[in-house]
Amino acid sequence: MHIIMFFLFAGFCLAGAINLLIQSHPINSALSLIVVMTSLAVLYLMLGAEFLAAAQVIVYAGAIMVLFTFVVMLLNAGKEARTRGSHAAWVVGFPAVVVILAVLATVILTAQGLGTASVNNGITSAAEVGTVLFTELLLPFEVTSVLILIAILGAVALARPSDGERDTHEEGTAGK
Amino acid sequence: MNAFIAQEVPLSWYLILSAVLFVLGIIGFLFKRNLITTFMSIELMLNAVNLSFVTFAQQWHTVKGQIFVFFVMVVAAAEAAVGLAIIIALFRARSTLAVDRIDLMKL
């Protein structure tokens, strides 16, 4: 059963990722990225990480991708212009990608002692994650809260129109 | 057929899937011409790395790997908020999302 689920959702993952590359409209790419993230949540569950599977659906497929689709619609992003791209991407980037994949695959396939994943291996409950998170790793956890606060302030400061722009905008609407 | 269904999945397959997803993310980052799609490729790469973290957490029966993924998710959420705000500010200044036309740091 496990192996069928793996092939099904790994297939969804790869299909979504390839569709993200093929689609020329950003909203289609965003929707295929949601497919990738949701299938990854199922794979996490099969690896026994139930808390992460829930967080993946809520945080990634929910919050982050809603933010992406909002921005795509807000900016009215149309079809992307297909160009050749930068020269460096073809000369350096493409061989580098092939080399990275080859190295990773070699290392993974020659690695000894990797186990197997099965439903019998047990599921890590949210309580176990929480116990370690709030005792051993309390300081990093608190630091991330500061990080999120800074990110919120930064996002608001960046997305707000500058003073000069707002004045001209108000004059423009007043003129109408 | 029954033997096939009962078979367990080697963890290396999960790692291979993670590597392939990561490489697809790099390809998207290099060859997509839309700023938002480029940013989505970065999210894809983060997700691929998360999958390998969870796989290793399963391999070593430790919960720390999963907590690391939790932190990566937090940082990715912060990164998405700030990054999209930058994209909005950039769009306001340039009125375009094509990366070929916003390759200079100055206006």
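Student: How many aromatic pairs are there over all chains?

Tutor: This is a predicted model, so local features need pLDDT of at least 70 and side-chain atom pairs count only at pLDDT 80 or more, while totals for chains, interfaces and linings use all residues. Residues are numbered from 1 along each chain as written, chains are lettered from A in the order written, and side-chain values use heavy atoms, without hydrogens and water. Rings of Phe, Tyr and Trp (its six-membered ring) pair if their centres lie within 6.5 Å; planes under 30 degrees apart are stacked, over 60 edge-to-face, and the rest tilted. By this rule the count over all chains is 14.

Student: Which residue of chain B does Phe7(A) pair with?

Tutor: Look across the chains, from helix H1 (residues 2-22) of chain A to helix H2 (residues 11-31) of chain B. Helices here are DSSP runs (H or I, at least four residues), numbered from the N terminus. The rings are tilted, with 5.6 Å centre to centre and 45° between the planes, and the partner is Trp13(B).

Student: Is Trp90(A) buried, partly exposed or exposed?

Tutor: Buried means under 20% relative accessible area, exposed over 50%, and partly exposed in between (1.4 Å probe, protein chains only). Trp90(A) has a relative accessible area of 39%, so call it partly exposed.

Student: And what type of pair do Trp90(A) and Phe31(B) form?

Tutor: Trp90(A) lies in helix H4 of chain A and Phe31(B) in helix H2 of chain B, so this pair joins two chains. Their centres are 4.7 Å apart with 50° between the planes, which makes the pair tilted.
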